[in-house]
Amino acid sequence: MSPAARWYERILRLGPRSLRRDFGDDMVAAFDAMLADECASGNPLPRLRVWSRVLTDLLVSSLNSIRGQSPVYRIPRKRTPMESRFQDIRFALRTMRRQPLFAVVAIATIAIGISATATIFSIANGLLLRAPTGVRESSELVSIHRVAQDETGFHSFGLPAFRHLASADNGLTNMAAYDSFGGSLVIDSTPYRVAGSIVSANYFETVGVRAGLGRFFYPEEDTVPGRDLVAVISDRMWHERYRGDPDIIGSELVLNGRGFVIIGVTEPEFIGHLAAFLNDVWVPLSAQGLIRGATNLSEEEASVGLEIVARLAPGSNVELAQDAIDRAGSAFHEPRDEKWFGADVYAYAPIVPIARQGLNLFLAAMFVVAGVLLTITAVNVANMMLSRAAARSREIGVRLALGATRGRLVTQLLTESVILFLCGGVLGTLITVWTTGLLGSLALPIPIPMDLHFAPDFRVLAFALTMAATTGIAFGLSPALHATRGDLTGALKENGTPPRRRQRLRSVLVVTQVAGSALLLVVAGLLIRSAGRVTSLDLGLDTNDVHAFMLDTREANRSPDESRQFYGTLLNDAASFSGVDSIGAIDVPPLTGSNQQSTVILPDMPPEPEVGLRKVEFAQVSPSYLATMRIPLVAGRQFSDADTADTPKVVIVNEHLANTFWPGESAVGKRFAFRAANDPIDLEIVGVARDSKIRTPGDQARPLVYGHWEQFGGRGYTVVARVESPSVALMIRDYVSEIDPVLPPAQPIEYAELVGLSLLPAKIATILATVFGAAGLLLVALGLYGLLAYSVAQRSHEIGVRMALGAHQSSVRSMIVGDGLRLTVVGLGIGLLAAAGLGQLIRWMLFGLSPFDPVTFISIAVLLLTIAGLACWLPARRAAATNPVNALRAE
Amino acid sequence: MSQPLRPLVFQILLILNEEETHGYGIMKAVNERTGRKTILGPATLYRTLGQMRDQGLIDETPTDDERRRVYTLSEEGRRMARDEAERMAMLVERARAGRLLG
């Protein structure tokens, strides 16, 4: 063989194998002969020509072979794959029209599963993915958070830290700081509540928003405290409060009692770079002190708490930015030798940073639950398709016999299932419009303007359709493969015994369904039981009949002295109103999810080894607060009128703190100190209060210090009043406006509702899990019945034989029920195990209920066994009633 | 009447009707008869021969040289060739009637 022929032989290996096996040697010989004939002269040109011919020939022939083109007959051109798809789609639609009930039931079933996942995805989309209008190139944005080593709290940046990072080589093109505030805005001498942000001058440039009118801040405008009183307002506020006045630029805005000049209006629909909260006014960092009503501007500036949003430099990424921030941070020493905690760089998400982790946990759990529901619906539909495929086995058998390839039939059946699922996806998205509307209309009992905007957009639609197509393929493939599997003669016979494989597939479907519904129902059961516990949970305080008023005298630009007087008058006078049981005040109200911490210094203990280990919760209260919330003292005394700003500072601690720092001793009379910006604040314990929940109703016990409000002094307090009727609360509200007409009116909020806020994730989870669980249960009951009834019908021949051979009716019944229950038990086992795993993920929503709560697990097992038993019993009874002669004659 | 054949298949049938020959012989004959306008290569040839053999149009007889199988026309092949020739003759008649041909 010539070297060229050897090469040709090697190249042949790339071509069709069947051809090579059959004619490889002949082809090489022909090639050799061809070469000898054409290239006798040794001229390289003919040789090249031969090579180009045989290679083209091989390529064309291979392609024709792949396309299945017959080399013999000039039969009509084969359809292109695209044309085949269209034909499949037309065929699928025709099949759906022929069996409209099947189509409607299948599409509705799928829509339930798809809308469940799409609803959860919409929440994720609204809070994590979809940047609010006006935020541009959000993939380049990062947020930077300071972390505490104990991970107990969330820490903001001080102004020096921000300035240091912003001026360092940080791998970012822009780094902006922001902090939100609640303010009051006076228009035509009427005070309004407004949500605003204090931002660095480059904030708007950083997030990418454009001005709709006027301009944004100049860099020098955020440098000198109190000098540049300029403000940017939202388009929304411009229209709502100023009726779109075109001459708004340059006019005055009275914010928290200070006059600001409006220099710009943002582009329409910009609400800030965080989702859900409607931000209406922005002022530069230098106005921080004024907004907060500081008496000493530079001191206030030093204590500011800032969050950072930044834009990555071209070519940079989160990791590089993190390295740069770490380097910059290590070179930073905060005033008074405070340690650099470290800062984490995250890809930007529109959710408030502090809520991100909780939201991720919540969404993960909900995605699992919704995914399980989708699986159950898909299994139901797969089962329906399997039954239909069995009914169509003759049609399929005939087509196979007529020469249709199996691949072609599988593609066609898959097309049918994908179309069915896509229709379900579209319907599911429509349902999602409704469900997200319901979620968005959840009114939050807080005086902050919010817009929960979860409406599905193209992303949700794309998600729903992708999910639909994927499940359509995943759950359509097995029935399609089973339907077209070999055995022509069996299929063509009118009543073939079911292939064993199909039985096995059905068993897998039963197990999947039982497992999925067990998982769903256990999660729903746990959440429902824990929701029931919340109301009976011992919070350590009594919120019944308590109304809250969130006040902040800084919004009226009141000095600390004026504020003390205001709150003193309010509490004194309102306490004597008829219908007011008692009234008190606290700066950080419990069970609202918010908290405030201080670091404890103990005189006779070594300095703490790590930052954050001696952090305690801290709240300033009026002397009447503990009594109002019915938190009893277990030792010592209450605050008294003798404790004033001029006497030594005294505190009441909770039992947990007392037992942590002075185990086995009385804490009353003990002394400790708070770390502070200047000198430590010395404190003496005068009383020990019973433990009560602090952050959330399911919160763990935490050390807590109550400070006397006159000894610490603040201007933002939540006044709590235990009243006989809501109308009394309205009297208090009116009285607030009477004492200080400049203060925006404070709407009374029932304290229980305020607590509901921290229960909101659990509440939503409970609603979703209950709805999903109920849908799942119904689908499983129907699905199990369908699966078992069908497999019994398929076994009628076998049953007939058994009975002809003398099997008793009851033994046939118990055989069928036994078979069904065996599968149910396997599914239950898998489902309950999975539920135990998922329970860990939702533990934080269970408020002390064990994720392995035996009551829930056992009752769900019993419930499912009962339903499965019924679903088996009905077909079993029918099977046992079969006349064996009929069953056998049907063959 | 049987299905219309591809031109190459008809050519091969015509060649084998005149003489039995091996693959390379067919290839050379086809290339000469088509005036070397399109050159038949080994892959197309053997793929076609394989199919023709599978459908019973030609018979394959091994010779002493294993790589030189000789092909002969089968009865079925002869019938198909005749059908195809008649189809073509009919078309040629039409062309004459329409004065496309002299």
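## Confidence and overall composition

The predicted model carries an ipTM of 0.88 and a pTM of 0.68. For chain B, the mean pLDDT is 87, and 94% of its residues score at least 70.

Chain A contains 28 helices and 22 strands. Of its 891 residues, 43% are buried. When contacts in chain A between residues at least 6 apart in sequence are considered, 82% of them link residues at least 24 apart.

Chain B has 102 residues, of which 29% count as buried. Its secondary structure consists of four helices and three strands, and these follow the order α-β-α-α-β-β-α from the N terminus. Among the contacts of chain B between residues at least 6 apart in sequence, 49% connect residues at least 24 apart.

## The interface between chains A and B

Contact between the chains involves 24 residues of chain A and 22 residues of chain B. On the side of chain A that touches chain B, the elements giving two or more residues are α2 (17-38) and α3 (44-66). Helix α2(A) gives the most, with 10 residues. This side of chain A comprises 14 nonpolar, four polar and six charged residues.

One residue of helix α2 of chain A is A:Phe23. Apart from residues up to four places away in sequence, A:Phe23 touches B:Tyr46 and B:Gly50. Is A:Phe23 buried or exposed? A:Phe23 counts as buried because 23 C-beta neighbours lie inside 10 Å, the threshold for burial being 20 or more.

Two packed helices are described by the angle between their axes and the distance between the axes.

| Helix pair | Residue ranges | Axes come within | Crossing angle |
|---|---|---|---|
| α5(A) and α15(A) | 100-129 and 458-483 | 9 Å | roughly 145° |
| α18(A) and α22(A) | 560-575 and 726-739 | 11 Å | roughly 140° |

The crossing of α5(A) and α15(A) is right-handed. From α5(A), the contact draws on A:Ile110, A:Ile114, A:Thr117, A:Ala118, A:Phe121, A:Ser122, A:Asn125 and A:Leu129. From α15(A), the contributing residues are A:Arg459, A:Val460, A:Phe463, A:Ala464, A:Met467 and A:Ala468. By class, the residues of this contact are 10 nonpolar, three polar and one charged.

Helices α18(A) and α22(A) also cross in a right-handed sense. Here α18(A) supplies A:Phe566, A:Thr569, A:Leu570, A:Asp573 and A:Ala574, while α22(A) supplies A:Ile732, A:Tyr735, A:Val736 and A:Ile739. The contact of α18(A) with α22(A) contains seven nonpolar residues, one polar residue and one charged residue.

## Helix α8 of chain A

Which residues of helix α8 (residues 235-242) of chain A are buried? They are A:Asp235, A:Met237 and A:Trp238. Viewed down the axis of α8(A), the buried residues lie within an arc of 165°, and they therefore line one face of the helix.

The packing partners of these buried residues are four strands of chain A, namely β5 (211-214), β6 (230-233), β8 (258-266) and β9 (281-284). Just after α8(A), A:Arg243 adopts a positive phi of about 50°.

## The surroundings of A:His547

A:His547 is located in strand β12 (residues 546-552) of chain A. A:His547 counts as buried because its C-beta neighbours inside 10 Å number 26.

Leaving aside residues up to four places away in sequence, A:His547 touches A:Ala721, A:Val723, A:Ala729, A:Pro748, A:Ile749, A:Glu750 and A:Tyr751. For the pair A:His547 and A:Tyr751, the separation along the chain is 204 residues, whereas their C-alpha atoms are 5.2 Å apart.

Conventions: Residues numbered from 1 in each chain as written. Chains lettered and ligands numbered in written order. Predicted model: local features only at pLDDT ≥ 70, side-chain atom pairs only at ≥ 80, totals over all residues. Axes fitted to C-alpha atoms, helices over the stretch in contact; angles between N-to-C directions. Left-handed = near helix turned anticlockwise from the far one by under 90°. Contact = placed C-beta atoms within 7 Å. Nonpolar A, V, L, I, M, F, W, Y, C, P; charged D, E, K, R; others polar. pLDDT = per-residue confidence, 0-100. Buried ≥ 20, exposed ≤ 12 C-beta atoms within 10 Å, placed from the backbone. Arc of directions from axis to C-beta.
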